[in-house]
Amino acid sequence: MPPEAAVVSAKRGFSLRLEARTETPRWLVYATPLLALALTVLSGAGLFALLGVDPLKALYGFFIEPISDLYGWTELGVKAIPLALIALGLSLGFRANVWNIGAEGQLTVGAICAGGVALIFWNSGGWWSLPMMALAGLGGGVAYAAIPALLRTRFNANEILTSLMLTYVAQLFLGYLVTGPWRDPDGYNFPQSRPFDADALMPPILEGFRLHWGLLVVIVAAVAAQAVLTRSLLGYKLTATGLAPAAARFAGFSAPGVVWTCLLIGGGCAGLAGMLEVAGPIGQLMPTVSPGYGFTAIIVAFLGRLNPFGICAAALLLALSYIGSEAAQVTLKLSASVGTVFQGLLLFFVLACDVLLAYRIRRG
């Protein structure tokens, strides 16, 4: 912890210092994400100017033009569904200081398990195909998250490292499957599985658009997460463990139990998100079923202040960074990596602005 009053700038008799707050105003908790967003937009404008692009035109093309019609709004929902679902699961663990950084791998395993069900019953499915795929995806994510949970509780291994490293194992295994035993025999040697049957695909909400009923899953998950946090003993355990671990142990809350609960919930949500991706907009297994949703969901969780409904709003914003970067490729001839840069800037400013929650800036 930094000292209560740390001098951060001094020049010609003028200085600024950070003074520890005795109490954090509630309005500031919700104002700092907005400040971080404003700083991100300003930094993005500066970045566009350095690239030789008109900042106002670029910001319009990145943030406004992609959602200027119904198709853009539906695509925004498509991208927001996995982000929100994963972030909802991760947020419960983050409240308890359980850091699941491997949601990308758990999403991948969930997609593999759900896709396996679709391929096993290819051309012989029915109404039960989607429920079975959902259970398989959920179970796959839970099982994969159980590995870092076991390593943490049994051997005290850091769950940040173990969950993160397992992500690459899952992605390599998916690559092996779609280039080997699960490769589409009619796919001209492209690394992909057979396209799923209609029974194994999520029905769209609007005909002719890709937005599917996974949106309802996110709404139910957000309401359930809010109920858990505000009206259940589990929510109290998670919050107490995060705020005061020693007091939580004194109250009889099991630390290993909290670790298992948080990691399994996060893994289950990520696995279900993987199922929704392969049964939704993708429709088959490919070497990469996610452009990094599992990692971006971490930003979503913190930008939404670990609040379920705040997370849903933050998911829409981060989803805009994906469709905005795709639009920028076409209209502005910029690299798709611009979206990743915006995500990184946003995370940086969110963390930086969070300093204001614990400290106030004073002169002298």
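Mentor: Let us begin with Arg305, which sits in the loop that runs between H11 and helix H12 (308–331); please keep in mind throughout that this is a predicted model.

Trainee: Okay, is Arg305 buried or exposed?

Mentor: Arg305 has a relative accessible area of 16%, and because buried means under 20%, the residue counts as buried.

Trainee: And what is phi of Arg305 near?

Mentor: Phi of Arg305 is near 60°, which is a positive value in a residue other than glycine. As background, most residues other than glycine have a negative phi.

Trainee: Which loop holds Asn189, and what is its phi?

Mentor: Asn189 belongs to the loop between H6 and H7, and although Asn189 is not a glycine, its phi is positive, at about 65°. With 61% relative accessibility, Asn189 counts as exposed, whereas Arg305 is buried.

Trainee: Staying in that loop, where does Gln192 lie, and is it buried or exposed?

Mentor: Gln192 lies between helix H6 (159–179) and helix H7 (214–231), and its relative accessibility of 18% makes it count as buried. Ser193, which is in the loop between H6 and H7 too, is buried at 0% relative accessibility.

Trainee: What do those two touch?

Mentor: Leaving aside neighbours within four places in sequence, Gln192 is in contact with Val178, Trp182, Arg183, Asp184, Gln284 and Leu285. With the neighbours within four places again left aside, the contacts of Ser193 are Leu119, Val178, Trp182, Asp184, Gln284 and Leu285.

Trainee: How far is Ser193 from Gly180 in space?

Mentor: Their C-alpha atoms are 9.5 Å apart, while in sequence Ser193 and Gly180 are separated by 13 residues.

Trainee: Changing topic to the rings, how many aromatic pairs are there?

Mentor: The count comes to 13 aromatic pairs. One of them joins Phe94 and Phe302 in a stacked arrangement, with 5.2 Å from centre to centre and 15° between the planes. That pair links distant parts of the chain, since Phe94 is in helix H3 (residues 70–95) and Phe302 is in helix H11 (residues 293–303), 208 residues apart.

Trainee: What about Phe94, buried or exposed?

Mentor: Phe94 counts as buried, at 3% relative accessibility.

Trainee: Which residues do ring pairs link into a cluster?

Mentor: Phe48, Phe62, Phe63 and Phe342 are linked into a cluster by ring pairs.

Trainee: Zooming out, what is the secondary structure, and how compact is the protein?

Mentor: The protein has 14 helices and 3 strands. Its radius of gyration is 22 Å, close to the 21 Å that the globule rule gives for 364 residues, so the protein is as compact as a globular protein of that length. Along the principal axes, the C-alpha atoms fill a box of roughly 75 × 60 × 35 Å.

Trainee: Last topic: what about the surface and the charges?

Mentor: The accessible surface is about 17,800 Å², and 68% of that belongs to carbon and sulfur atoms. As for charges, the protein has 21 positive and 17 negative ones, and their mean positions are 16 Å apart.

Key. Residues are numbered from 1 along each chain as its sequence is written. This is a predicted model: local features need pLDDT of at least 70, side-chain atom pairs count only at pLDDT 80 or more; totals for chains, interfaces and linings use all residues. Side-chain values use heavy atoms; hydrogens and water are left out. Helices (H or I, at least four residues) and strands (E, at least two) are DSSP runs, numbered from the N terminus. The radius of gyration is taken over C-alpha atoms; the globule rule is 2.2 Å times the number of residues to the power 0.38. Accessible areas come from the Shrake-Rupley method with a 1.4 Å probe; for residues, only the protein chains shown count as cover. Lys and Arg count as positive and Asp and Glu as negative; His and the chain ends are not counted. The place of a charge is taken as NZ of Lys, CZ of Arg, CG of Asp or CD of Glu. Buried means under 20% relative accessible area, exposed over 50%, partly exposed in between (1.4 Å probe, protein chains only). Contact means heavy atoms within 4.5 Å. Rings of Phe, Tyr and Trp (its six-membered ring) pair if their centres lie within 6.5 Å; planes under 30 degrees apart count as stacked, over 60 as edge-to-face and the rest as tilted.
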